[in-house]
Amino acid sequence: DVITTAGRVGFFSSEEDVTSGVASEFHAGGYLSYFLREGVGGDADTSPHDSTLTVGELEHYLIGQFGQHAMNVAMDGAFQHLVSDRGAVSSTTQLWTFR
């Protein structure tokens, strides 16, 4: 169980009983994988733009991307949305620094 282990953050593309949609407009397998790749590639380093990615920046970026692109994706009558659980991990926790 990812989210009950100390020091771990979990990002999930939908609730466990909802099938995740295919991000065909991005030519990608899924929305979370596409947005995560873009976010950790530097797009999520926004506030402040300091070449350091924090948990909060990544979470904020992913929520925004899902809100813009995946909120109306219906899968078998349920809607896909980002599920984020960072437990006791602070939003200011640094993930890495870009060079």
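**Figure 1. Helices α1 and α2 cross in a right-handed manner.** Welcome to this predicted model, where we start with a pair of helices. Helix α1 covers residues 31-43 and helix α2 covers residues 55-69. Two packed helices are described by the angle between their axes and the distance between the axes. Here the axes come within 10 Å and cross at roughly 135°, which means that α1 is oblique to α2.

**Figure 2. A closer look at the residues where α1 meets α2.** On the α1 side you will find Tyr31, Leu32, Phe35, Leu36, Glu38, Gly39, Val40 and Asp43. Their partners in α2 are Leu58, Tyr61, Leu62, Gln65, Phe66 and His69. Sorted by class, this contact has 9 nonpolar, 3 polar and 2 charged residues.

**Figure 3. The largest nonpolar core has 15 residues.** Which residues have the most contacts inside this core? They are Leu62 and Phe66. Both α1 and α2 contribute to the core, each with at least two residues. Take Leu62 as a guide: setting aside neighbours within four places in sequence, Leu62 is in contact with Phe11, Leu32, Phe35, Leu36 and Leu82.

**Figure 4. Val18 sits in the loop between β1 and α1.** Is Val18 buried or exposed? Val18 counts as buried because its relative accessibility is 13%. Look for Gln80 in this view too: Val18 and Gln80 are 62 residues apart in sequence, but their C-alpha atoms are 6.9 Å apart in space.

**Figure 5. Thr54 lies in strand β2.** This strand is made of residues 52-54. With a relative accessibility of 17%, Thr54 counts as buried. Which residues does Thr54 touch, not counting those up to four places away in sequence? The answer is a run of partners: Ser91, Thr92, Thr93, Gln94 and Leu95.

**Figure 6. Stepping back, the protein has 2 helices and 6 strands.** Following the sequence, you can trace these elements in the pattern β-α-β-α-β-β-β-β. Of the 99 residues in the protein, 34% are buried; Val18 and Thr54 are among them. How do contacts link parts of the sequence? Among contacts between residues at least 6 apart in sequence, 62% join residues at least 24 apart.

Note on methods
Residues numbered from 1 in each chain as written. Predicted model: local features only at pLDDT ≥ 70, side-chain atom pairs only at ≥ 80, totals over all residues. Heavy atoms only, no water. Axes fitted to C-alpha atoms, helices over the stretch in contact; angles between N-to-C directions. Helix = DSSP H or I, 4+ residues; strand = E, 2+ residues; numbered from the N terminus. Parallel < 35°, antiparallel > 145°, perpendicular 65-115°, else oblique. Left-handed = near helix turned anticlockwise from the far one by under 90°. Contact = heavy atoms within 4.5 Å. Nonpolar A, V, L, I, M, F, W, Y, C, P; charged D, E, K, R; others polar. Core = buried A, V, L, I, M, F, W, Y, C linked by side-chain atoms within 4.5 Å. Buried < 20%, exposed > 50% of the residue type's maximum accessible area, 1.4 Å probe, protein only.
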